[in-house]
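The sequence and structure come first.

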Amino acid sequence: MKKVIAFVKKEVVLCAAAVLAIISAFLVPPDAAYTDYIDWRTLAILFCLMAVMAGLRKIGVFHSIAEGLLAKAGSVRSVMMVLVMLCFFSSMIITNDVALITFVPLTITVLKMMGNEHYTGLLIPVIVMQTIAANLGSMLTPIGNPQNLYLYGQSGMGFGSFILLMLPYCLLSLAGLIVWILIKGRRCTRKDPSGCVIKSSEGFTPGGKNTIRLAAYLLMFVLCLLTVVRVVPWWIVLIIIVLAVIATDFRILGKVDYCLLLTFAGFFIFIGNMGRIPAVHDFIAGIVAGREVITSVVSSQVISNVPAALLLSGFTDNYTGLITGTNLGGLGTIIASMASLISFKYAAAEPGVSKGKYLLHFTIANVVFLAGLLIMWLVIGQTA
(Lines give C-alpha, C1' and ligand atoms only; values in the text may rest on other atoms or scores of the structure.)
Protein backbone atom coordinates (compact mmCIF):
# COMPACT_ATOMS: atom_id res chain seq x y z
CA MET A 1 0.00 0.00 0.00
CA LYS A 2 2.84 2.39 0.81
CA LYS A 3 4.30 1.80 -2.64
CA VAL A 4 0.94 2.54 -4.25
CA ILE A 5 0.56 5.77 -2.28
CA ALA A 6 4.13 6.80 -3.15
CA PHE A 7 3.47 6.12 -6.84
CA VAL A 8 0.26 8.16 -6.80
CA LYS A 9 2.06 11.09 -5.15
CA LYS A 10 4.86 10.89 -7.69
CA GLU A 11 2.62 10.46 -10.74
CA VAL A 12 -0.44 12.52 -9.85
CA VAL A 13 -1.05 13.65 -13.43
CA LEU A 14 -0.81 10.11 -14.80
CA CYS A 15 -3.26 8.85 -12.18
CA ALA A 16 -5.66 11.70 -12.95
CA ALA A 17 -5.47 10.90 -16.66
CA ALA A 18 -6.15 7.23 -15.98
CA VAL A 19 -9.15 8.03 -13.78
CA LEU A 20 -10.62 10.39 -16.36
CA ALA A 21 -10.10 7.82 -19.13
CA ILE A 22 -11.81 5.09 -17.09
CA ILE A 23 -14.77 7.31 -16.13
CA SER A 24 -15.23 8.41 -19.74
CA ALA A 25 -15.17 4.77 -20.84
CA PHE A 26 -18.36 4.18 -18.85
CA LEU A 27 -20.00 7.04 -20.74
CA VAL A 28 -18.68 5.91 -24.13
CA PRO A 29 -18.10 2.13 -24.11
CA PRO A 30 -14.83 1.00 -25.76
CA ASP A 31 -15.07 0.33 -29.47
CA ALA A 32 -12.93 0.43 -32.60
CA ALA A 33 -12.89 4.25 -32.53
CA TYR A 34 -10.68 4.21 -29.45
CA THR A 35 -7.61 3.43 -31.55
CA ASP A 36 -8.21 6.62 -33.52
CA TYR A 37 -8.04 8.71 -30.35
CA ILE A 38 -4.34 8.10 -29.88
CA ASP A 39 -1.90 10.42 -31.64
CA TRP A 40 0.66 7.71 -32.36
CA ARG A 41 2.96 10.12 -34.20
CA THR A 42 3.36 12.39 -31.18
CA LEU A 43 3.94 9.46 -28.83
CA ALA A 44 6.53 7.92 -31.16
CA ILE A 45 8.48 11.17 -31.60
CA LEU A 46 8.34 11.89 -27.88
CA PHE A 47 9.66 8.41 -27.10
CA CYS A 48 12.49 8.78 -29.61
CA LEU A 49 13.53 12.20 -28.32
CA MET A 50 13.52 11.02 -24.71
CA ALA A 51 15.65 8.00 -25.60
CA VAL A 52 18.18 10.07 -27.54
CA MET A 53 18.45 12.73 -24.83
CA ALA A 54 18.88 10.06 -22.17
CA GLY A 55 21.74 8.59 -24.20
CA LEU A 56 23.51 11.92 -24.67
CA ARG A 57 23.09 12.75 -21.00
CA LYS A 58 24.44 9.37 -19.91
CA ILE A 59 27.70 9.77 -21.82
CA GLY A 60 28.19 13.24 -20.29
CA VAL A 61 27.82 15.47 -23.36
CA PHE A 62 25.79 18.18 -21.63
CA HIS A 63 27.99 18.14 -18.54
CA SER A 64 31.11 18.65 -20.67
CA ILE A 65 29.53 21.58 -22.49
CA ALA A 66 28.75 23.20 -19.14
CA GLU A 67 32.30 22.61 -17.89
CA GLY A 68 33.75 24.27 -20.98
CA LEU A 69 31.56 27.34 -20.62
CA LEU A 70 32.18 27.71 -16.87
CA ALA A 71 35.92 27.48 -17.44
CA LYS A 72 35.70 30.77 -19.35
CA ALA A 73 33.67 32.59 -16.70
CA GLY A 74 35.59 35.54 -15.27
CA SER A 75 33.23 36.73 -12.54
CA VAL A 76 30.34 35.59 -10.40
CA ARG A 77 27.99 37.44 -12.70
CA SER A 78 29.35 35.54 -15.70
CA VAL A 79 28.96 32.25 -13.81
CA MET A 80 25.31 33.13 -13.18
CA MET A 81 24.91 34.02 -16.84
CA VAL A 82 26.31 30.66 -17.94
CA LEU A 83 24.19 28.64 -15.52
CA VAL A 84 20.93 30.36 -16.47
CA MET A 85 21.58 30.56 -20.21
CA LEU A 86 22.53 26.89 -20.32
CA CYS A 87 18.96 26.11 -19.28
CA PHE A 88 17.43 28.72 -21.59
CA PHE A 89 19.14 27.70 -24.82
CA SER A 90 19.57 23.98 -24.21
CA SER A 91 15.87 23.55 -23.40
CA MET A 92 15.05 24.51 -26.98
CA ILE A 93 16.65 21.25 -28.10
CA ILE A 94 16.88 18.86 -25.16
CA THR A 95 13.53 19.89 -23.52
CA ASN A 96 12.98 21.82 -20.31
CA ASP A 97 12.88 18.67 -18.18
CA VAL A 98 16.25 17.37 -19.37
CA ALA A 99 17.83 20.83 -19.07
CA LEU A 100 16.84 21.09 -15.40
CA ILE A 101 17.73 17.49 -14.57
CA THR A 102 21.17 18.09 -16.08
CA PHE A 103 22.10 21.59 -14.99
CA VAL A 104 20.45 22.20 -11.60
CA PRO A 105 22.63 19.60 -9.81
CA LEU A 106 25.62 21.14 -11.58
CA THR A 107 24.58 24.57 -10.30
CA ILE A 108 24.41 23.34 -6.71
CA THR A 109 27.93 21.93 -7.00
CA VAL A 110 29.28 25.12 -8.60
CA LEU A 111 27.79 27.41 -5.93
CA LYS A 112 29.16 25.23 -3.14
CA MET A 113 32.64 25.53 -4.65
CA MET A 114 32.31 29.31 -4.77
CA GLY A 115 32.00 29.52 -0.99
CA ASN A 116 29.28 29.61 1.61
CA GLU A 117 28.42 33.29 1.02
CA HIS A 118 27.53 32.76 -2.62
CA TYR A 119 25.97 29.36 -1.95
CA THR A 120 23.49 30.66 0.61
CA GLY A 121 22.82 33.92 -1.21
CA LEU A 122 22.45 32.62 -4.76
CA LEU A 123 21.18 29.05 -4.53
CA ILE A 124 17.44 29.81 -4.49
CA PRO A 125 17.53 32.82 -6.87
CA VAL A 126 19.68 31.06 -9.46
CA ILE A 127 17.73 27.79 -9.44
CA VAL A 128 14.43 29.69 -9.66
CA MET A 129 15.75 31.65 -12.62
CA GLN A 130 17.09 28.47 -14.24
CA THR A 131 13.61 27.00 -13.96
CA ILE A 132 12.03 30.04 -15.57
CA ALA A 133 14.74 30.02 -18.26
CA ALA A 134 14.11 26.35 -19.09
CA ASN A 135 10.34 26.84 -19.30
CA LEU A 136 10.68 29.96 -21.45
CA GLY A 137 13.49 28.78 -23.72
CA SER A 138 11.66 25.55 -24.46
CA MET A 139 8.66 27.40 -25.85
CA LEU A 140 10.54 28.49 -28.97
CA THR A 141 10.69 25.09 -30.73
CA PRO A 142 8.26 22.23 -31.35
CA ILE A 143 10.64 19.85 -29.56
CA GLY A 144 11.22 22.08 -26.53
CA ASN A 145 8.48 20.48 -24.46
CA PRO A 146 5.78 17.79 -24.82
CA GLN A 147 2.80 20.08 -25.38
CA ASN A 148 4.61 21.92 -28.16
CA LEU A 149 5.36 18.66 -29.93
CA TYR A 150 1.73 17.60 -29.70
CA LEU A 151 0.17 20.93 -30.70
CA TYR A 152 2.68 21.39 -33.51
CA GLY A 153 1.68 18.02 -34.96
CA GLN A 154 -2.03 18.80 -34.61
CA SER A 155 -1.78 22.28 -36.11
CA GLY A 156 -0.04 21.29 -39.33
CA MET A 157 1.96 24.55 -39.26
CA GLY A 158 5.50 24.73 -40.60
CA PHE A 159 8.58 24.60 -38.38
CA GLY A 160 9.46 28.20 -39.24
CA SER A 161 5.93 29.41 -38.55
CA PHE A 162 6.00 27.85 -35.11
CA ILE A 163 9.27 29.57 -34.23
CA LEU A 164 8.05 32.93 -35.54
CA LEU A 165 4.90 32.60 -33.42
CA MET A 166 6.87 32.22 -30.19
CA LEU A 167 9.95 34.30 -31.08
CA PRO A 168 8.71 37.65 -29.66
CA TYR A 169 7.94 36.04 -26.30
CA CYS A 170 11.26 34.22 -26.31
CA LEU A 171 13.21 37.42 -27.01
CA LEU A 172 11.40 39.32 -24.26
CA SER A 173 12.11 36.43 -21.89
CA LEU A 174 15.80 36.49 -22.80
CA ALA A 175 15.95 40.23 -22.15
CA GLY A 176 14.26 39.78 -18.79
CA LEU A 177 16.68 37.05 -17.75
CA ILE A 178 19.70 39.15 -18.72
CA VAL A 179 18.39 42.16 -16.80
CA TRP A 180 17.84 39.99 -13.71
CA ILE A 181 21.37 38.60 -13.92
CA LEU A 182 22.91 42.06 -14.32
CA ILE A 183 20.98 43.41 -11.33
CA LYS A 184 21.55 40.39 -9.13
CA GLY A 185 25.19 40.14 -10.16
CA ARG A 186 25.93 43.67 -8.98
CA ARG A 187 25.70 42.45 -5.39
CA CYS A 188 28.44 39.89 -5.97
CA THR A 189 31.93 41.30 -5.62
CA ARG A 190 34.05 38.23 -6.13
CA LYS A 191 35.99 38.61 -9.38
CA ASP A 192 37.65 35.26 -9.82
CA PRO A 193 35.33 32.25 -9.69
CA SER A 194 37.96 29.91 -11.12
CA GLY A 195 37.65 27.68 -8.09
CA CYS A 196 34.19 26.63 -9.22
CA VAL A 197 35.33 25.13 -12.51
CA ILE A 198 34.41 21.47 -12.46
CA LYS A 199 36.50 18.67 -13.84
CA SER A 200 34.73 15.47 -13.01
CA SER A 201 34.19 11.97 -14.29
CA GLU A 202 30.65 12.90 -15.29
CA GLY A 203 31.80 14.68 -18.44
CA PHE A 204 32.18 13.19 -21.90
CA THR A 205 35.35 11.19 -22.46
CA PRO A 206 36.37 10.99 -26.16
CA GLY A 207 37.47 7.74 -27.68
CA GLY A 208 36.28 4.16 -27.91
CA LYS A 209 32.62 3.35 -27.35
CA ASN A 210 31.76 6.86 -26.18
CA THR A 211 32.69 8.42 -29.51
CA ILE A 212 30.70 5.78 -31.38
CA ARG A 213 27.72 6.35 -29.10
CA LEU A 214 27.96 10.11 -29.53
CA ALA A 215 27.90 9.78 -33.31
CA ALA A 216 24.99 7.34 -33.10
CA TYR A 217 22.91 9.56 -30.80
CA LEU A 218 23.55 12.63 -32.95
CA LEU A 219 22.41 10.75 -36.05
CA MET A 220 19.32 9.59 -34.17
CA PHE A 221 18.60 13.17 -33.15
CA VAL A 222 18.79 14.28 -36.78
CA LEU A 223 16.30 11.56 -37.66
CA CYS A 224 13.98 12.83 -34.94
CA LEU A 225 14.15 16.34 -36.38
CA LEU A 226 13.41 15.01 -39.85
CA THR A 227 10.33 13.32 -38.45
CA VAL A 228 9.22 16.47 -36.63
CA VAL A 229 9.36 18.47 -39.88
CA ARG A 230 7.53 15.62 -41.64
CA VAL A 231 10.35 14.52 -43.96
CA VAL A 232 10.63 10.94 -42.70
CA PRO A 233 7.61 8.85 -41.57
CA TRP A 234 7.45 8.49 -37.78
CA TRP A 235 7.08 4.72 -37.78
CA ILE A 236 10.30 4.26 -39.75
CA VAL A 237 12.25 6.46 -37.34
CA LEU A 238 10.71 4.67 -34.35
CA ILE A 239 11.92 1.30 -35.61
CA ILE A 240 15.38 2.62 -36.44
CA ILE A 241 15.87 4.31 -33.08
CA VAL A 242 14.63 1.37 -31.03
CA LEU A 243 17.03 -0.96 -32.85
CA ALA A 244 19.89 1.57 -32.68
CA VAL A 245 19.44 2.18 -28.95
CA ILE A 246 19.35 -1.56 -28.27
CA ALA A 247 22.57 -1.98 -30.25
CA THR A 248 24.24 1.04 -28.64
CA ASP A 249 23.14 0.73 -25.01
CA PHE A 250 19.88 -1.10 -24.35
CA ARG A 251 19.75 0.26 -20.78
CA ILE A 252 18.81 3.66 -22.21
CA LEU A 253 15.34 2.27 -22.90
CA GLY A 254 14.86 2.15 -19.13
CA LYS A 255 15.50 5.91 -18.90
CA VAL A 256 12.48 6.83 -21.03
CA ASP A 257 9.61 8.45 -19.12
CA TYR A 258 6.91 5.89 -19.91
CA CYS A 259 4.58 7.50 -17.36
CA LEU A 260 4.50 10.63 -19.52
CA LEU A 261 3.60 8.54 -22.56
CA LEU A 262 0.82 6.80 -20.63
CA THR A 263 -0.40 10.19 -19.41
CA PHE A 264 -0.77 11.30 -23.01
CA ALA A 265 -2.65 8.10 -23.85
CA GLY A 266 -5.03 8.58 -20.92
CA PHE A 267 -5.89 12.13 -21.92
CA PHE A 268 -6.27 11.12 -25.57
CA ILE A 269 -8.94 8.59 -24.54
CA PHE A 270 -10.71 11.07 -22.28
CA ILE A 271 -10.70 13.82 -24.92
CA GLY A 272 -11.88 11.42 -27.61
CA ASN A 273 -14.79 10.22 -25.50
CA MET A 274 -15.83 13.72 -24.46
CA GLY A 275 -15.82 14.74 -28.10
CA ARG A 276 -18.41 12.06 -28.81
CA ILE A 277 -20.83 13.49 -26.25
CA PRO A 278 -22.38 16.50 -28.05
CA ALA A 279 -23.65 18.31 -24.94
CA VAL A 280 -20.29 18.11 -23.16
CA HIS A 281 -18.31 19.03 -26.25
CA ASP A 282 -20.48 22.05 -27.05
CA PHE A 283 -20.40 23.29 -23.44
CA ILE A 284 -16.61 23.19 -23.11
CA ALA A 285 -16.07 24.49 -26.65
CA GLY A 286 -18.30 27.46 -25.82
CA ILE A 287 -16.13 28.34 -22.85
CA VAL A 288 -12.84 27.99 -24.76
CA ALA A 289 -13.83 29.63 -28.07
CA GLY A 290 -12.24 33.06 -28.45
CA ARG A 291 -10.49 32.73 -25.09
CA GLU A 292 -7.87 30.10 -25.94
CA VAL A 293 -4.85 31.96 -24.59
CA ILE A 294 -6.40 33.03 -21.28
CA THR A 295 -8.13 29.66 -20.81
CA SER A 296 -4.84 27.87 -21.43
CA VAL A 297 -2.93 30.07 -19.00
CA VAL A 298 -5.54 29.68 -16.24
CA SER A 299 -5.94 25.92 -16.79
CA SER A 300 -2.18 25.42 -16.67
CA GLN A 301 -2.01 26.93 -13.19
CA VAL A 302 -4.20 24.11 -11.87
CA ILE A 303 -3.44 21.03 -13.99
CA SER A 304 -0.10 22.09 -15.61
CA ASN A 305 0.41 23.07 -19.23
CA VAL A 306 0.81 19.61 -20.81
CA PRO A 307 -2.60 18.28 -19.66
CA ALA A 308 -4.12 21.69 -20.43
CA ALA A 309 -2.88 21.45 -24.03
CA LEU A 310 -4.21 17.93 -24.44
CA LEU A 311 -7.61 18.70 -22.92
CA LEU A 312 -8.30 22.03 -24.62
CA SER A 313 -7.16 20.82 -28.04
CA GLY A 314 -10.24 18.62 -28.17
CA PHE A 315 -12.53 21.64 -28.11
CA THR A 316 -10.94 24.21 -30.42
CA ASP A 317 -9.03 24.36 -33.70
CA ASN A 318 -7.25 27.56 -32.74
CA TYR A 319 -3.84 25.99 -32.23
CA THR A 320 -1.87 29.23 -32.28
CA GLY A 321 -3.83 30.34 -29.23
CA LEU A 322 -3.25 27.03 -27.45
CA ILE A 323 0.45 27.06 -28.27
CA THR A 324 0.83 30.60 -26.96
CA GLY A 325 -1.35 30.06 -23.92
CA THR A 326 0.13 26.78 -22.73
CA ASN A 327 3.67 28.05 -23.19
CA LEU A 328 3.00 31.23 -21.22
CA GLY A 329 0.94 29.16 -18.79
CA GLY A 330 4.07 27.23 -17.82
CA LEU A 331 4.81 30.26 -15.63
CA GLY A 332 2.92 30.90 -12.44
CA THR A 333 2.32 28.19 -9.85
CA ILE A 334 4.84 25.48 -9.06
CA ILE A 335 2.69 22.95 -10.95
CA ALA A 336 2.02 25.14 -13.99
CA SER A 337 4.89 23.30 -15.65
CA MET A 338 5.75 19.89 -14.21
CA ALA A 339 9.39 20.60 -15.05
CA SER A 340 9.37 23.19 -12.26
CA LEU A 341 8.95 20.41 -9.71
CA ILE A 342 12.28 18.94 -10.81
CA SER A 343 14.32 21.95 -9.72
CA PHE A 344 12.20 22.39 -6.58
CA LYS A 345 13.01 18.81 -5.59
CA TYR A 346 16.75 19.41 -5.98
CA ALA A 347 16.69 22.69 -4.07
CA ALA A 348 14.50 21.38 -1.24
CA ALA A 349 16.92 18.49 -0.67
CA GLU A 350 19.75 20.90 0.18
CA PRO A 351 20.46 21.45 3.89
CA GLY A 352 19.25 24.79 5.19
CA VAL A 353 17.04 25.58 2.20
CA SER A 354 13.58 26.80 3.24
CA LYS A 355 10.82 25.38 1.03
CA GLY A 356 8.61 28.32 1.93
CA LYS A 357 11.28 30.83 0.92
CA TYR A 358 11.87 28.98 -2.34
CA LEU A 359 8.15 28.91 -3.21
CA LEU A 360 7.78 32.60 -2.36
CA HIS A 361 10.75 33.56 -4.52
CA PHE A 362 9.55 31.23 -7.29
CA THR A 363 5.99 32.60 -7.28
CA ILE A 364 7.01 36.26 -7.31
CA ALA A 365 9.51 35.77 -10.13
CA ASN A 366 7.05 33.71 -12.18
CA VAL A 367 4.23 36.22 -11.76
CA VAL A 368 6.52 39.05 -12.91
CA PHE A 369 7.60 37.20 -16.04
CA LEU A 370 4.06 35.96 -16.77
CA ALA A 371 2.65 39.48 -16.43
CA GLY A 372 5.24 40.85 -18.83
CA LEU A 373 4.56 38.18 -21.43
CA LEU A 374 0.79 38.59 -21.17
CA ILE A 375 1.19 42.31 -21.74
CA MET A 376 3.20 41.52 -24.86
CA TRP A 377 0.44 39.17 -26.02
CA LEU A 378 -2.09 41.97 -25.63
CA VAL A 379 0.15 44.42 -27.45
CA ILE A 380 0.96 42.24 -30.47
CA GLY A 381 -2.63 41.07 -30.72
CA GLN A 382 -2.14 37.31 -30.46
CA THR A 383 -5.84 36.57 -30.10
CA ALA A 384 -6.56 32.95 -30.62
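Tyr-358 touches Ile-124, Ile-127, Val-128, Thr-131, Ile-334, Ser-343, Phe-344 and Ala-347, with residues up to four places away in sequence not counted; contact means heavy atoms within 4.5 Å. The model is a predicted one, in which local features need pLDDT of at least 70 and side-chain atom pairs count only at pLDDT 80 or more, while totals for chains, interfaces and linings use all residues. Residues are numbered from 1 along each chain as its sequence is written, and side-chain values use heavy atoms, with hydrogens and water left out.

Tyr-358 is also one of the residues with the most contacts inside the largest nonpolar core, together with Val-52, Phe-103, Ile-132, Leu-177 and Phe-264. That core has 119 residues. A nonpolar core is a set of buried Ala, Val, Leu, Ile, Met, Phe, Trp, Tyr and Cys residues joined through side-chain atoms within 4.5 Å. Buried means under 20% relative accessible area, exposed over 50%, and partly exposed in between, with a 1.4 Å probe and protein chains only. In soluble globular proteins, nonpolar side chains tend to be buried together.

## Helix H2

Helices (H or I, at least four residues) are DSSP runs numbered from the N terminus. Helix H2 takes in residues 12-27, and its 16 residues should span 22 Å at 1.5 Å a residue; the expected span is 1.5 Å times one less than the number of residues. The end C-alpha atoms of H2 are 23 Å apart, which agrees.

The buried residues of H2 are Val-13, Leu-14, Ala-17, Ala-21 and Ser-24. They cover an arc of only 100 degrees around the axis, which puts them on the same side of H2; the arc is that of the directions from the helix axis to the C-beta atoms. Helices H1 (2-10), H3 (34-37), H13 (258-275) and H16 (305-312) are included in what covers these buried residues. Exposed residues Val-12, Ile-22 and Phe-26 sit on the face of H2 turned away from its buried side.

## Helix H12

Helix H12 (residues 234-249) also has a buried side. Val-237, Ile-241, Val-245 and Asp-249 are the buried residues in H12. They fall within an arc of 60 degrees seen down the axis of H12, so they line one face of the helix. Leu-243 and Ala-247 are exposed on the other side of H12. An α-helix has 3.6 residues a turn, so residues three or four places apart point the same way.

The 16 residues of H12 reach 22 Å from first C-alpha to last, close to the 22 Å expected at 1.5 Å a residue.

## Pocket and cavity

The largest pocket holds about 1700 Å³ of space. Of the 47 residues that line this pocket, Glu-11, Asp-97, Ile-101, Asp-257 and Ile-342 are the closest to its centre. Helix H4 (residues 40-58) gives the most to the pocket lining, with seven residues. On a 1 Å grid over the protein atoms alone, a pocket is an open set of points with protein on both sides within 12 Å along at least five of seven lines, whereas a cavity is a set of points where a 1.4 Å probe fits but cannot get out; lining residues have an atom within 4 Å of a point. Grid points are joined across faces, edges and corners, and a volume is the space filled by probe spheres set on the points.

By this rule there is one cavity of 30 Å³ or more. About 40 Å³ of space lies in the largest cavity, which is lined by Ala-44, Ile-45, Cys-48, Cys-224, Thr-227, Trp-234, Val-237 and Leu-238. H4, helix H11 (208-228) and H12 are the elements that give two or more residues to this lining.

## Positive phi in two loops

Arg-230 lies in the loop between H11 and H12. Its phi is near 65 degrees, a positive value in a residue other than glycine. Arg-230 counts as partly exposed, at 38% relative accessibility.

Ser-304 lies in the loop between helix H15 (292-303) and H16. Ser-304 is not a glycine either, yet its phi is positive, at about 80 degrees. Ser-304 is buried, with a relative accessible area of 0%.

## Thr-326

Thr-326 belongs to helix H17 (residues 319-328) and counts as buried, at 0% relative accessibility. Leaving aside neighbours within four places in sequence, Thr-326 is in contact with Gln-147, Leu-151, Ser-296, Ser-300, Asn-305, Ala-308 and Ala-309.
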